[in-house]
Amino acid sequence: MVDLAFRDLPGVSVDLSDLDDGVFTPPVAFDDLHADHGEVWHVVSDEFVAGGRNGQSWVHTKWECGADLWAAGRFIVLHPEDRAPEKADLPPACKLVEAAGHVPTADIRTRIFQGGTAHPDVPPAVEAYIRRYALFSGTPSPRETRVRLTDLRLKFVFDERNEKARGFAERFRRYESDAPTHVLAIGGDGTMLQAIRDHWRLRLPFIGLNAGTLGFLMNESLPTALGGSELVLYRMPMLRVDTEAPDGKWSRALACGDAWVERESGQAAWLRVGIDGRTQVSKVVGDGLLVATPAGGSSYARAMGATPVPLTAPVLTLTGSNVFLPRFWRPVALPETAAVTLTSLNHRDEPGTNPKRPLRGFVDGRATGAVRSMSIRVSSVAAVELAFTPEFDLSSRLLRSMFPPEGM
């Protein structure tokens, strides 16, 4: 919702790293972290400086090294237009900014919980997101919901070289806008995955239209009068994938469907499987291992023998390719909260040497290069909404794929 609220402000970027890493960076560290971008100013409300004259402000008493930061830092203090803080309570380097009509977020959440709305205290896109998933209502947030496409505005993603995709795009060109409410991806699953990687921070629902081959993530067709029609939205997690190369360097990527490691030579891969920091399988011998979200459970994971799961299932699938050992190996459904680590048992620590049984990694089908280990978990900040017409929603398609008509 922070992305939705601030995305249109020029020069503003939202840093989600603390949330994704599960850490808290104290304000006193901001100068070191952001000094390369210019001056660092701490924006606080007037409550944070009350009592500053006596060293009893929130900054003094609650922030790490608060007294030092008070003396050396720069502050912008927001205050109601009819009540400026007293000068004696202000830090040495300070600017005052009137914030007319400011409403604390706690008050907005309370209002929603009591049956009210967030309007008019949040942008329309944020209010729509809250309403779609019944946030702050006191009930579990659904992963599946239905919406009516009012005031439809589209951002197009398709391959100009695909003649069929170009034709479909022209059908919906009247909905194209620089201020979109949805992303329309036209092509195959590869087009959708690329659109998600490029535009997930827009926090908009993605509508797929198949102009490729299988297109499991795509609608087979869409009504030409798309505005006003009904869609089923699935809110699905994305995977955070941290990959360690043989030289010890780490890289990070996001996956919507799956991530895996596989052998890069004629020799089988030897892998250790860790779950939540503990070794669960000390040695797996085979061609490779894969972790998939429900959205990826019907692609490569299924080819490896895994059973697809409903898109709303809070699980991750761990499966293997041509696993020889252990003999009991079967695809496993893990809790969505699980953190999976796949580690090569044949890496060599000597500089300049290559592993005996080299591995390579893939994230949503994109090669990441040589791999020593791969850590995979659901991202705390990245998610995606996929939209389908009721006739082509994924739950029905999943059932049809698992229980094909008789005679096929």
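Trainee: Trp260 and Phe362: buried or exposed?
Mentor: Both Trp260 and Phe362 are buried. Buried stands for under 20% relative accessible area, exposed for over 50%, and partly exposed for what falls in between, using a 1.4 Å probe and protein chains only.

Trainee: What kind of model is this?
Mentor: It's a predicted model, where local features need pLDDT of at least 70, side-chain atom pairs count only at pLDDT 80 or more, and totals for chains, interfaces and linings use all residues. Residues are numbered from 1 along each chain as its sequence is written, and side-chain values use heavy atoms, with hydrogens and water left out.

Trainee: Back to the rings. How many aromatic pairs are there?
Mentor: The structure holds 8 aromatic pairs. Rings of Phe, Tyr and Trp (its six-membered ring) pair if their centres lie within 6.5 Å; planes under 30 degrees apart count as stacked, over 60 as edge-to-face, and the rest as tilted.

Trainee: And why is the Trp260 and Phe362 pair called stacked?
Mentor: Because the ring centres of Trp260 and Phe362 are 5.1 Å apart and the planes are at 15 degrees. Trp260 belongs to strand S10 (residues 258–263) and Phe362 to strand S17 (residues 359–363), so the pair ties together parts that are 102 residues apart in sequence.

Trainee: What counts as a strand or a helix?
Mentor: They're DSSP runs, numbered from the N terminus: helices are H or I with at least four residues, strands are E with at least two. The protein has 11 helices and 19 strands.

Trainee: Which residues are linked into a cluster by ring pairs?
Mentor: Phe48, Trp58, Trp63, Trp70 and Phe75. There's a charge at Trp58 too: Lys62 lies over the face of that ring, at 5.5 Å from the ring centre. To sit over a ring, NZ of Lys or CZ of Arg has to be within 6 Å of the ring centre and within 35 degrees of the ring normal.

Trainee: Where does the charged end of Arg327 sit?
Mentor: Over the ring of Phe324, 4.3 Å from its centre. That stretch also has a cis peptide bond, from Leu325 to Pro326, with omega near -5 degrees. Pro326 is in the loop between strand S14 (315–321) and strand S15 (332–335).

Trainee: What about the bond from His119 to Pro120?
Mentor: The His119 to Pro120 bond is cis, with omega near 0 degrees. You'll find Pro120 in the loop between helix H6 (105–113) and helix H7 (124–132).

Trainee: OK, H7 then. Which of its residues are buried?
Mentor: In H7, Val126, Glu127, Ala128, Tyr129, Ile130 and Arg132 are buried. Their cover includes H1, H6, strand S4 (144–148), strand S8 (230–244) and strand S19 (373–388). Just after H7, Ala134 has a positive phi of about 50 degrees.

Trainee: What's phi at Arg203?
Mentor: Near 60 degrees, a positive value in a residue other than glycine. Arg203 is in the loop between helix H9 (189–199) and strand S7 (206–210), and is buried at a relative accessible area of 17%.

Trainee: New topic: what does His42 contact, leaving aside neighbours within four places in sequence?
Mentor: His42 touches Pro27, Phe30, Asp31, Trp63, Leu69, Arg74, Phe75 and Ile76. Contact is heavy atoms within 4.5 Å. His42 is in strand S1 (residues 42–45) and has a relative accessible area of 4%, so it counts as buried.

Trainee: And Thr343, which contacts does that one make?
Mentor: Beyond neighbours within four places in sequence, Thr343 is in contact with Trp270, Leu271, Arg272, Arg372 and Ser373. Thr343 sits in strand S16 (residues 340–344) and is buried, with a relative accessible area of 11%.

Trainee: Pro10: buried or exposed?
Mentor: Pro10 is exposed, with a relative accessible area of 75%. Pro10 is in the loop between helix H1 (2–6) and helix H2 (17–21).

Trainee: Last bit. What does the C-alpha trace span?
Mentor: About 80 × 60 × 40 Å along the principal axes. Of the 408 residues, 45% count as buried. Among contacts between residues at least 6 apart in sequence, 64% join residues at least 24 apart.
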